[in-house]
Amino acid sequence: GGGGGGGAATGGPPEGFLVYQEAVETSRVFLRDTTAVSIEALLLFGGEISVNHSAATVSVSVGGGAGDAKGAGKMDFPAAPEVGVLFKLLRRELDRALRVAAADPGAEQ
């Protein structure tokens with residue numbers, strides 16, 4: 001899940017987005033296990049990254065986790081295409097490093 005950024009005056013995170021693990025609906029919707037994250041963190045640790053060169057936007061897929069088919073979608077951020085490509089490359093290297101570390105946790109990286 002996730003949501004848009006807010007400001008300190010609105011009671012939301014100072015910048016970035018609020019992500020959550022679970023939404024529970026009773027008389028109202030309550031979010032559990034919430035964390036404020038930056039756009040950069042969403043790009044590095046979120047879903048698949050895509051770059052729209054002509055519109056100068058970078059997108060990351062969000063939601064759609066187990067049991068959350070209705071929440072699947074994407075978030076678009078204005079950015080130069082070069083920035084989007086750089087984040088895709090950084091993400092590829094980060095994913096590779098995490099796979100190696102998970103395969104052999106005792107090895108020095």
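**Close-up 1. Strand 4 and strand 5 in the predicted model are joined by 6 bridges.** Strand 4, which covers residues 57-62, runs antiparallel to strand 5. Within this pairing, S61 stands opposite K74, a residue of strand 5.

**Close-up 2. Three strands form an open sheet in the order 3-4-5.** The pairing in this sheet of 3 strands is antiparallel. Its edge strands are strand 3, made of residues 49-52, and strand 5, made of residues 73-78, and each of these pairs on one side only. Neighbouring strands of the sheet are turned against each other by 25° on average, when direction is ignored.

**Close-up 3. Helix 2 lies across strand 3 and strand 4.** This helix covers residues 81-103 and runs at about 160° to strand 3. Leaving aside residues up to four places away in sequence, R91 touches L43, L44, F45, G46, G47 and I49.

**Close-up 4. T35 sits in strand 2, which spans residues 29-37.** When residues up to four places away in sequence are not counted, T35 touches F17, L18 and V19. For T35 and V19, the separation in sequence is 16 residues, while their C-alpha atoms are 5.4 Å apart in space.

**Close-up 5. D33 and A56 are two residues with a positive phi.** Most residues other than glycine have a negative phi. D33, which is not a glycine, has a positive phi near 55°, and A56, also not a glycine, has a positive phi of about 55°. D33 is found in strand 2, whereas A56 is found in the loop between strand 3 and strand 4. The relative accessible area of D33 is 60%, so this residue is exposed, the cut-off for that word being over 50%. A56 has a relative accessibility of 30% and so counts as partly exposed, a value that lies between the limits of 20% and 50%.

Definitions and conventions
Residues are numbered from 1 along each chain as its sequence is written. This is a predicted model: local features need pLDDT of at least 70, side-chain atom pairs count only at pLDDT 80 or more; totals for chains, interfaces and linings use all residues. Side-chain values use heavy atoms; hydrogens and water are left out. Helices (H or I, at least four residues) and strands (E, at least two) are DSSP runs, numbered from the N terminus. Contact means heavy atoms within 4.5 Å. Two strands pair if DSSP finds at least two bridges between them. Axes are lines fitted to C-alpha atoms, for helices over the stretch in contact, and angles run from 0 to 180 degrees between N-to-C directions. Buried means under 20% relative accessible area, exposed over 50%, partly exposed in between (1.4 Å probe, protein chains only).
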